[in-house]
Amino acid sequence: MNRMTLSAIAAILAAALAAGPVAAQTAPTGDRVDAAKNACKGDYQRLCSGVMPGGGRILACLQKHSSELGPECAKALGK
């Protein structure tokens, strides 16, 4: 996975964590974003690797496949 894709996943997961039920009232910390990125990396590669980053497309793909997410990614996304 290239650096741009990892950055896109991190940005999308940061937005998801900030808006999701597991979020605090402020933006997620770098540690939480890193943890979510790591938790969802395999699910991204398995389910959404063909999705072009940007515009929330990766998050939408992961949400579309919410029933197929691993437990760590599902927890990180508040599912």
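Visitor: Why is the disulfide of cysteine 48 and cysteine 61 called left-handed?

Guide: The torsion about its S-S bond is about -95 degrees, so the disulfide is left-handed. This is a predicted model, in which local features need pLDDT of at least 70, side-chain atom pairs count only at pLDDT 80 or more, and totals for chains, interfaces and linings use all residues. Residues are numbered from 1 along each chain as its sequence is written, and side-chain values use heavy atoms, with hydrogens and water left out.

Visitor: What makes cysteine 48 and cysteine 61 a disulfide?

Guide: A disulfide here is a pair of cysteine sulfur atoms within 2.5 Å. The sulfur atoms of cysteine 48 and cysteine 61 are 2.0 Å apart, so the pair meets the definition. The two partners sit in distant parts of the chain, 13 residues apart: cysteine 48 in the loop between α2 and α3 (57-64), cysteine 61 in helix α3. Helices are DSSP runs (H or I, at least four residues), numbered from the N terminus.

Visitor: How many disulfides are there by this rule?

Guide: The count comes to two. Cysteine 40 and cysteine 73 also form one, with their sulfur atoms 2.1 Å apart. Cysteine 40 lies in helix α2 (residues 30-47) and cysteine 73 in helix α4 (residues 71-76), so this bond ties together parts 33 residues apart in sequence. Its S-S torsion is about 100 degrees, so this disulfide is right-handed. With the bonded cysteines numbered in sequence order, the pairing reads 1-4, 2-3.

Visitor: What makes arginine 46 and aspartate 43 a salt bridge?

Guide: The term asks for a side-chain nitrogen of Lys or Arg within 4 Å of a carboxyl oxygen of Asp or Glu. For arginine 46 and aspartate 43 the N to O distance is 2.6 Å, so the pair qualifies. They are three residues apart in helix α2, which means a separation of about one helical turn. A search of the whole structure finds one salt bridge.

Visitor: How do you know whether aspartate 43 is buried or exposed?

Guide: Buried means under 20% relative accessible area, exposed over 50%, and partly exposed in between (1.4 Å probe, protein chains only). Aspartate 43 has 7%, so it is buried.

Visitor: Why does histidine 65 count as buried?

Guide: Histidine 65 has 17% relative accessibility, so it counts as buried. This residue is found in the loop between α3 and α4. Leaving aside its neighbours within four places in sequence, histidine 65 is in contact (heavy atoms within 4.5 Å) with Leu47 and Cys48.

Notes: Helices (H or I, at least four residues) and strands (E, at least two) are DSSP runs, numbered from the N terminus.
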